[in-house]
Amino acid sequence: MSNAVVVNEVLKKFGKPTDQTWRRLLPYKPNTNGSKSQDNGRKPIVLAVNRVSFDMLEGEIFGVLGPNGGGKSTLIRLISTLLLPDAGTITVFDRDVVRQPRQVQWMINRVSVEASFFKKLSPMENLLYGARLYGMAGGDIRSKVIEILTRLGLDKRAILNPMEEMSRGMQQKVAVARALLSRPRLLLLDEPTTGLDPRSKREVQAVVRELREEHGVTILLTTHDMTEAETLCDRIAIMDQGSIVAMNTPEKLCTMVPSPNGHKPTLEDVFLELTGKSLVADEEKEVA
Amino acid sequence: MSLAVHQLRATYAFVERNANIVRRYWSWEMVWMIYSIADSLSVSFIGMGFEQMGGGSSEVDGRYLVLYFVIGTLVWRYLSTIFYWITDVIGIERWEGTIEYTLMAPVSRLTHMAGQTFFAVIYSLLFTAVVLLANVVVFDIDMQQANLLGGTLVLLAGSFSFIGVGIMASILPLLFPERGSQMTHVLIALLLLVSGVYYPVSVLPSPLKEMATFSPATYVLGGTRQALLEGVSTIELWIYIWPVLIMGVILIPVGLWIFRQAELYAKRTGKLHRNG
């Protein structure tokens, strides 16, 4: 099996290193509007992704676990051409994301934790827009939208109503449908089931399995849900403070730490042991 | 599927999306339309007001002044509507939070701007036509001597230069997520000041007169007024058309290049993700 994604020594930092001399000369400090800022009014440098390397095989479901602010979303944005790395390289099916972004964009799609849509438009109108950007014809899109959304459990009437009238769970299903419409070879799922009720979560997870089994789609999944990671992913990388601290199959990761209280360690035990943090306790600190 | 077919479909995606947005926000469109008509009429009434204030003096031709103001308000409405639709190419997506999905799609920025621009021109023409209709009804405008074809040609030629200005200004919401959209108002206000929308450029002090030379709106307003007020022939209007065409030929590619640099900067610094 060939490599679908190769991430090699990728570095991404945010913030500005240079001090602003004129600010230091001022008798008072201008309002910097945020506790993250240093005295000079600039945000401190944050290493969002710190020399990360891994590869994904074609057809693999690769999980990335990490606390908020651990660098998961930044990593997905780097792969999806929305951010440029400061160092290192990323290739998607042998295409470089910096030098050949358009070719990469043809092969990928993404579902983010926020279902981002034109809120006054209906799912049909939003998906028509999204799919046309990938070159699909209107007639094909309409039938495909109905097929995918009903498969995801959406009521047919809801497809023509404004998105703002839908629950977050339903909006997230439309986001999944948007990503599936373009038939990506690589699907980037950034916490796609966060905030969904258990039933919706299962429906989305079933679609993820089906995509891999029936269509051979390669999937990069970030999640806070240990069970989801354990049941869906072939391999998992644990990220903390921008670095990968462990990477292996779920079973092998669980052998990396001693058994607590005589029980078989869970992925959560592994995560706590390796990072010293809870997955969801930290306040949202994503920097990009 | 060929690249051309894909880019055509993508162009249509922006047109259709914007049409759907206008349809869904129809009540706002009505508010904006009423505001625009009231604005145009109230400025144009100044012409009649001058005639009355002049005590019926033969030196003040109220009809001429009304038409002068009507042309000013209509041309300005048309050009500024194009400008705002194009600068909104990023602003609207920041507002809705969809910017990342649009910018990660396999669509060239030329296609992106072409779709937005095509919609902007059609929308602005229709919008301005409704405002014109209101003016015709209220003021009983006589345009028998007007060179309508010439006026329209000047207007369309001027669209290209304003498209270029709009593309350049659209980088502001890209670079400044919180205040970028508001910054575009400064640019349009400066153009309004120097372009002779409500007065001849000749009344401006020297520095502003110099600035007027570089405003495409100056030529569009001058040309449409010559065509509609004086009935100047289309060939004679060429002196107003060629400067705006040259501006368009320069400003559109330069605007696209600047937008590309701003996009790369936003991707380096992580500014795409932040919503205003």
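Between chain B and chain A, 18 residue pairs are in polar contact, both partners at pLDDT 80 or more. The model is a predicted one. On the side of chain B that touches chain A, helix H1 (3-24), helix H3 (62-96), helix H4 (99-103) and helix H11 (238-269) of chain B each supply at least two residues. H1(B) gives the largest share of that side, with 12 residues. By type, the residues on this side of chain B are 17 nonpolar, 9 polar and 11 charged.

The contact can also be described by residues and by area. In all, 37 residues of chain B are in contact with 39 residues of chain A. The two chains bury about 3,500 Å² between them. Of this area, 58% lies on carbon and sulfur atoms. Within chain B, the residues that lose the most area to chain A are B:Arg24, B:Tyr101 and B:Met104. Together they account for 23% of what that side buries.

Charged pairs also cross the interface. Side chains of opposite charge can pair when their charged atoms come close. Over all chains, 24 salt bridges are found. Across the interface of chain B and chain A, the count is 6. One of these joins B:Glu100 to A:Arg77, with the closest N and O atoms 2.6 Å apart. The pair runs from helix H4 of chain B to helix H2 (residues 72-79) of chain A. B:Glu100 counts as buried because its relative accessibility is 6%, under the 20% limit. A:Arg77 is buried too, at 3%. A salt bridge also forms between the side chains of B:Glu96 and A:Lys119, at 3.2 Å from N to O.

Other salt bridges stay within one chain. In chain B, the side chains of B:Arg109 and B:Glu263 meet at 2.9 Å, N to O. This pair links distant parts of the chain, 154 residues apart. B:Arg109 lies in helix H5 (residues 109-139) of chain B, and B:Glu263 lies in helix H11 of chain B. B:Arg109 is buried at 10% relative accessibility. B:Glu263 is buried at 2%. In chain A, salt bridges with shared partners join A:Asp55, A:Glu60 and A:Arg235 into one network.

A:Lys144 forms a salt bridge with A:Glu147, the closest N and O atoms being 3.6 Å apart. Both residues lie in helix H5 (residues 138-151) of chain A. They are 3 residues apart, about one turn of the helix. A:Glu147 is partly exposed, with a relative accessible area of 47%.

Chain A was also examined as a whole. Its secondary structure comes to 10 helices and 10 strands. Of its 288 residues, 53% are buried. Among contacts in chain A with a separation of 6 or more, 72% are between residues 24 or more positions apart. A:Thr218 lies in strand E8 (residues 218-223) of chain A. A:Thr218 is buried, at 0% relative accessibility. Leaving out residues up to four places away in sequence, A:Thr218 touches residues including A:Ala4, A:Met56, A:Phe93 and A:Leu187. A:Glu60, a member of the salt-bridge network, is among the residues that A:Thr218 touches.

The disulfide count over all chains is 0. For A:Cys233, the nearest cysteine sulfur is that of A:Cys254, 12 Å away. A disulfide needs sulfur atoms within 2.5 Å, so A:Cys233 is in none. A:Cys233 is buried, with a relative accessible area of 6%. A:Cys254 is buried at 5%.

Technical notes
Residues numbered from 1 in each chain as written. Chains lettered and ligands numbered in written order. Predicted model: local features only at pLDDT ≥ 70, side-chain atom pairs only at ≥ 80, totals over all residues. Heavy atoms only, no water. Contact = heavy atoms within 4.5 Å. Buried area = accessible area lost by both parts, 1.4 Å probe. Salt bridge = Lys/Arg side-chain N within 4 Å of Asp/Glu carboxyl O. Polar contact = N/O pair within 3.5 Å; in protein donor to acceptor, adjacent residues only side chain to side chain. Helix = DSSP H or I, 4+ residues; strand = E, 2+ residues; numbered from the N terminus. Nonpolar A, V, L, I, M, F, W, Y, C, P; charged D, E, K, R; others polar. Buried < 20%, exposed > 50% of the residue type's maximum accessible area, 1.4 Å probe, protein only.
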